[in-house]
Amino acid sequence: MGATPNRADKETEYTICLNKVPDYIVGVEITEIQEEEAGFKSFTIPAGKYVKVEFNGENHQNLVDAKLMTRQKKAKKWAKNEKIKLSNEFTVEAFPKQTVELEHPEMYCLFPIL
């Protein structure tokens, strides 16, 4: 993804889980949307309030397999207990290069608040 035109942040990659469509978009932040090429899709993360959950794993595989789902479930349970209503439309997963490359890689998720 390093050769993406108009890439804004070269240090972070994202995945967007479109929960109601079953779709999973992997991408990067860009400064300008050009004509979409076949196989590419744009998604704008709406401005608003989000619950942010940061966590790490023993390795990348553990981070995205075991830890990711567990942390997402805990975040949703915490929000419910705190009476914070989350949107189920999408979830953002962020992989900052400087933390993914650590001995114990780190990432974070954003859950939109209604």
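Guide: Helices (H or I, at least four residues) and strands (E, at least two) are DSSP runs, numbered from the N terminus. Just after helix α1, K83 takes a positive phi of about 60°. This is a predicted model, in which local features need pLDDT of at least 70, side-chain atom pairs count only at pLDDT 80 or more, and totals for chains, interfaces and linings use all residues. Residues are numbered from 1 along each chain as its sequence is written, and side-chain values use heavy atoms, with hydrogens and water left out.

Visitor: Why does N62 count as buried?

Guide: N62 has 18% relative accessibility. Buried means under 20% relative accessible area, exposed over 50%, and partly exposed in between (1.4 Å probe, protein chains only). N62 therefore counts as buried. This residue is found in α1, residues 60-81.

Visitor: What makes the pairing of N62 with E58 a polar contact?

Guide: The two side chains come to 3.1 Å. A polar contact is a pair of N or O atoms within 3.5 Å; within protein, one must be able to donate a hydrogen and the other to accept it, and residues adjacent in sequence count only if both atoms are side-chain atoms.

Visitor: Why does the span of α1 agree with its 22 residues?

Guide: The expected span is 1.5 Å times one less than the number of residues. For α1 that should be 32 Å, and the end C-alpha atoms are 30 Å apart, so the values agree.

Visitor: What caps the N-terminal end of α1?

Guide: N59 does, with a side-chain oxygen 3.2 Å from the backbone nitrogen of Q61.
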